[in-house]
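I open my notebook to read a structure step by step. I will write down what I looked up and what came back.

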Amino acid sequence: MLNKFIIVGLALPALLLPGACLAYILFKGLPALSWSFLFSATEGTGFGATSGILAQLLGSLLLALAAILLATPFALGTALYYRLYASKRQQGLLAGLLNMLQSIPPIVFGLFGLIVFVHLLQWGVSLLSGAVILAMVIMPMLVLNSIASLERVPEQYTEAAQSLGLHHSAVIGRVWLVQAWPGILTGQLLGIARALSETAPILFTATVFSGVVWPESIFSPVTTLQTHIFYLAQEGSNQQVIQVAWGSAVVLLGVVAGFALLARCLSNRYEKTQRLGVE
Amino acid sequence: MRHRLFIILSFLFVLVPTVLATDQVRVAGSTTVLPIVAEAAKHYRKLHPGLSLTVSGGGSGVGVASIDQGLIEIGMASRDLTTTEKQRLQGKVRQVAIARDAVAVAVSKAVFDAGVTQLSLAQIAAIYRGEIKNWQQLGGPDRRILVIDKEASRGTRHVFAKVVLGSERARAAGATIITGSNNEEQAAIANSDKAIGMLSHAWLNDAVRAVAVGEANEAVLPTFENVANGRYPIQRQLNLLVSEKSSEIGNTFIDFLLSSKGQQLVQQVGYLPVR
Amino acid sequence: MLRFWLTFSALTTALVIATLLGFLLQASWPLLQSQGLSFVTEPEWYPYEALYGLLPVLVGSFWSIVLALLLAVPTGLAAAILCAELLPGRGRAVLRFSMELMAGIPSVVYGLLGLWLLLPLLESQFDLLTGRSLLAAGLLLALMILPTIMVFSETAIRAVVAEQRQTAMLLGLDWPTRLLRVLLPQAWPGIRIAILLALGRAMGETVAVMLVVGSLDRLPQPLYNLLQPAQTLTSRIGREMAEAAVGSVHWAALIASGLTLALVAMALSLLIQRWR
């Protein structure tokens, strides 16, 4: 079966590389992990020799959560509009626009945010600017996911609710959201995971190198894991700093994977219930 | 229900920091000046616990642009303002020198150990213009020269280009790669066995060595004395750009840097005090 | 009341693109005013001499993306075929899950891998002056888009209806023929989309590329030389974003670069939607 060998041969890099990379990252980064590494915010001397990444961890989480909070109302609203009021034509248009938005590279959103939020609105380099930019980046994904979740609610439920004379808002609140919330929440968790991995758009619009442990207000900048790793990547000779960089990478990976796995567990658990629920 | 709980909890988590900003000092700019400011900030925060003092890099260009746009209170620049910048910032910003520094012409350890310990300004210029391509032509090993240039807006580059190439805006046609911060450049030189680059002398270490600059018998190393007595040609003042409307706390931070304790920190980090 | 809020949300979402393009266009205006569209084909970028050419980065981006696709598509496709057709259930789930996990690795971590693992490797293997090059960028991008190609192609292949496979088998076709003549042609629309999505991701990748490409704003000599440092569109924007004085022509040129990137990405997206 020569052909099978060819296929397996070609596929080998795809099978081996990802695992190898992951293993390498863990190998380099795990030694750096310790209680004080994760949960203190002390700064060492010199460039980047911070010995604790708590500030960065908090910053990343804050930005991601803020982005989700800003994006969710609009995402849900748009998805509900799509299901409830949009005509076929409007649905097509909306879907098209969302797909186009989704394809725009995040750095362009960063540029946009720089022009409008940082300079025009004078918000400066701040948590708010970063959160809005990230919200724009993850919004299409949230909307499309919410629409898909809503569409999975069986027609019979909607028909039954409407035949009972329930108002639109009741149909939504009591039937749709109650049924679709696992799917929607899954989407949000994935959105958080996505927001945690974006670096370029927040580099010059929301983050600084040091000086912030907990932002004083939404108008103050933050430090994040992603940008911290970026700064440290420019270090080449100080072994301790390189160690910190790998450690931060492992932590970031862990957090992102954590949210992704949570989303997966959620969708697995509730998909079965939903399927069983349909007679 | 659980969904709503999640939303409420996140809301609280995010809204907690929504107290309006008090006094904040935002500093950004040159990566050469950054270690001084970062170190001083650590000490300064102990004296003023409630203060919010953030530090960021990006290069002298970022420092100038940011203070021009009012994004920060203090800009860091490892060079003097250009004439166009002075015009634009006239009356809005003043320049305060807090340290002195030499721009070392750094080579990889392997090159230094092989005998290239001194280069004249003309030779360096020829390397950066692409006229000399192999270390052999300079008495070194038979390897091509990895010419490391910096982003055009970096202060270190301005100073280097002015002295070596004649103008701060001069192009380096022989450049192989372009790096950004001092760190990146240091890493690139350290990881190679044939590189040459421009670095603030505080970044020199065992793997990154400075060559003496000048003609064969009067070449000068970038040491503290040679900067102090002016013999080393490629040197500069490290400046802070302060907005005229700066708050009290910003000005006191600068006073701290210029005080004896501050200047002690400057020397600790590896630079020369301003006086 | 409800209707108002829902319509408002939908309208906001719909207008984001228009607002985005509008502001980008407005901020690029100084450049367009002084140089028109000639900056697209100008071969040099040196802001201090008012040269704002896009050509070096267009060529750089082009090569890095093409290289990434050339490397990732055959491998990803082969892995997808393997996963969909040849692996037992357990193995398939494991492989697919690990690929999905890989797809979520932040790009800055790939940057670390590229900088500290890939570059020294390239320097020693190819005896290069420096490992920073379009080759490095292409390899890194290939690694990053591999999961995308694999996951989406696998879905497409598995979606080929059971009937078609059964019919092919009943016809006595052997496996290679089944694969090449039935499965792949049927799955091709889905695979095509997988490739385009991967292309989109490669095009927009900033941080990882910025660290390994060398950032030299020059056309490769000769044009197909991948072993030299160069610059891509995203890398240039990332590096100079914060430095340009707002309102200057330099600023406008950077925004124009971003606008170009956005327009190409949207065109790609339209293509994908048409082909769905």
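My entries on one chain, one contact and one residue follow.

**Entry 1: the model.** I note at the start that this is a predicted model.

**Entry 2: chain A.** I looked up the make-up of chain A. It has eleven helices and zero strands. Read from the N terminus, the elements run α-α-α-α-α-α-α-α-α-α-α. I then asked for the box that the C-alpha atoms of chain A fill. Along the principal axes, it is roughly 70 × 65 × 35 Å.

How much of chain A is buried? Buried residues are 56% of its 279 residues. I also looked up contacts in chain A between residues at least 6 apart in sequence. Of these contacts, 77% join residues at least 24 apart.

**Entry 3: where chain A touches chain C.** How many residues does each chain give to this contact? Chain A gives 61 residues and chain C gives 67 residues. On the chain A side, I listed the helices that supply at least two residues each. Among them are α1 (2-29), α3 (54-84), α8 (168-197) and α11 (239-277) of chain A. The largest share of that side comes from α1(A), with 15 residues. I sorted the chain A side by residue type. It divides into 47 nonpolar, 13 polar and one charged.

**Entry 4: C:Glu243.** I picked one residue of chain C. C:Glu243 is in the loop between α9 (233-240) and α10 (249-275) of chain C. Is C:Glu243 buried or exposed? C:Glu243 counts as buried because it has 25 C-beta neighbours inside 10 Å, and the cut-off for buried is 20 or more.

I checked one distance within the chain. C:Thr12 is 231 residues from C:Glu243 along the chain, and their C-alpha atoms are separated by 31 Å.

Which residues does C:Glu243 contact, leaving aside its neighbours within four places in sequence? They are B:Gly58, B:Gly59, B:Gly61, B:Val62, B:Ala65 and B:Ser153.

**Entry 5: helix α3 of chain B.** Helix α3 of chain B covers residues 60-68. Nine of its nine residues are buried, so the helix is largely enclosed by the rest of the structure. The buried residues include B:Gly61, B:Val62 and B:Ala65, and C:Glu243 contacts these three. B:Ser60 and B:Asp68 are also buried. I looked just past the end of the helix too. There, B:Gly70 takes a positive phi of about 75°.

How values were computed:
Residues are numbered from 1 along each chain as its sequence is written. Chains are lettered from A and ligands numbered from 1 in the order in which they are written. This is a predicted model: local features need pLDDT of at least 70, side-chain atom pairs count only at pLDDT 80 or more; totals for chains, interfaces and linings use all residues. Two residues are in contact if their C-beta atoms, placed from the backbone, lie within 7 Å. Helices (H or I, at least four residues) and strands (E, at least two) are DSSP runs, numbered from the N terminus. Ala, Val, Leu, Ile, Met, Phe, Trp, Tyr, Cys and Pro count as nonpolar, Asp, Glu, Lys and Arg as charged, and the others, Gly among them, as polar. A residue is buried if 20 or more other C-beta atoms lie within 10 Å of its own, exposed if 12 or fewer, and partly exposed in between; C-beta atoms are placed from the backbone.
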